[in-house]
Amino acid sequence: MVVGLIVLAVGYKLQVDKQQPQVVPTTALQDTKALSKTIDVTPATAVQIQREIQQVKEPIVTYYVQAPDIVTATKQTQQAINNKSESLPAVVTAKSDRTVITPNEQQQKVDVYKINLNKTHKIKAGLTVIDDKSYATVGYQAGKFEGMAHFKGDGKIKGATVLYTVTQW
């Protein structure tokens, strides 16, 4: 039971940390290794984040604040997001997998990107083995529900599975 509580606590901490806004220098957005190190994610996740930012092309908001320099403005923006400041547009404080704050020194502004890596619909394929019998398996996941159908070589359904995700991190 103690181990279960520890696992839940660590999972919760990782989920909360992941949702905190991260300040990422513009140069790190172009370099997978630097991005991975800056926001403490795997290189594969860093590639996904880069792809998401490239697809949107523009930040969800460009934020201007009164500050002596761009670094201070970036920190003020990060604090405002952490505190869910009412002066921010609602889209900035909306829940997402990642919030990336990037100082744009050339244009003297702070860009904010909201990134959602969790896609709600997934199609899955695999193999199930039960009592030395193998079955081709296809599945569909929508949110926390997942359904799978198990097929034998003749194409007939031999069984099905329905799962519900209780927790994730």
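Because the model is predicted, local features need pLDDT of at least 70 and side-chain atom pairs count only at pLDDT 80 or more, while totals for chains, interfaces and linings use all residues. Residues are numbered from 1 along each chain as its sequence is written, and side-chain values use heavy atoms, with hydrogens and water left out.

The protein chain has 6 helices and 8 strands; helices (H or I, at least four residues) and strands (E, at least two) are DSSP runs, numbered from the N terminus. Their order from the N terminus is α-β-α-α-α-β-α-α-β-β-β-β-β-β. Of the 169 residues, 31% are buried, where buried means under 20% relative accessible area, exposed over 50% and partly exposed in between (1.4 Å probe, protein chains only). The chain exposes about 11500 Å², and carbon and sulfur atoms supply 56% of this area; areas come from the Shrake-Rupley method with a 1.4 Å probe, and for residues only the protein chains shown count as cover. Among contacts (heavy atoms within 4.5 Å) with a separation of 6 or more, 38% join residues 24 or more positions apart.

Two packed helices are described by the angle between their axes and the distance between the axes. For H3 and H4 the angle is about 105 degrees and the axes are 8 Å apart. H3 is therefore roughly perpendicular to H4, a term for angles of 65 to 115 degrees; under 35 counts as roughly parallel, over 145 as roughly antiparallel and the rest as oblique. The axes are lines fitted to C-alpha atoms, for helices over the stretch in contact, and angles run from 0 to 180 degrees between N-to-C directions. H3 contributes Thr32, Leu35, Ser36 and Ile39 to the contact, and H4 contributes Pro43, Ala46, Val47, Ile49 and Gln50.

Within H3, the residues Leu35, Ser36 and Ile39 are buried. They line one face of the helix, because they fall within an arc of 100 degrees seen down the axis; the arc is that of the directions from the helix axis to the C-beta atoms. An α-helix has 3.6 residues a turn, so residues three or four places apart point the same way. The buried residues of H3 pack against strand S1 (22-23), H2, H4 and S3. Lys33 and Lys37, on the other side of H3, are exposed.

In H4 the buried residues are Thr45, Ala46, Ile49, Gln50, Glu52 and Ile53. Their arc around the axis is only 160 degrees, which puts them on the same side of H4. Their cover includes helix H2 (26-30), H3, strand S3 (98-104) and S4. Pro43, Ala44, Gln54 and Gln55 are exposed on the other side.

Some backbone angles remain. Most residues other than glycine have a negative phi. Asp40, however, has a positive phi near 55 degrees, and this residue is exposed at 69% relative accessible area. Just after H4, Lys57 has a positive phi of about 65 degrees. Lys84, in the loop between helix H5 (70-82) and helix H6 (90-93), has a positive phi near 50 degrees and is exposed at 58% relative accessibility.
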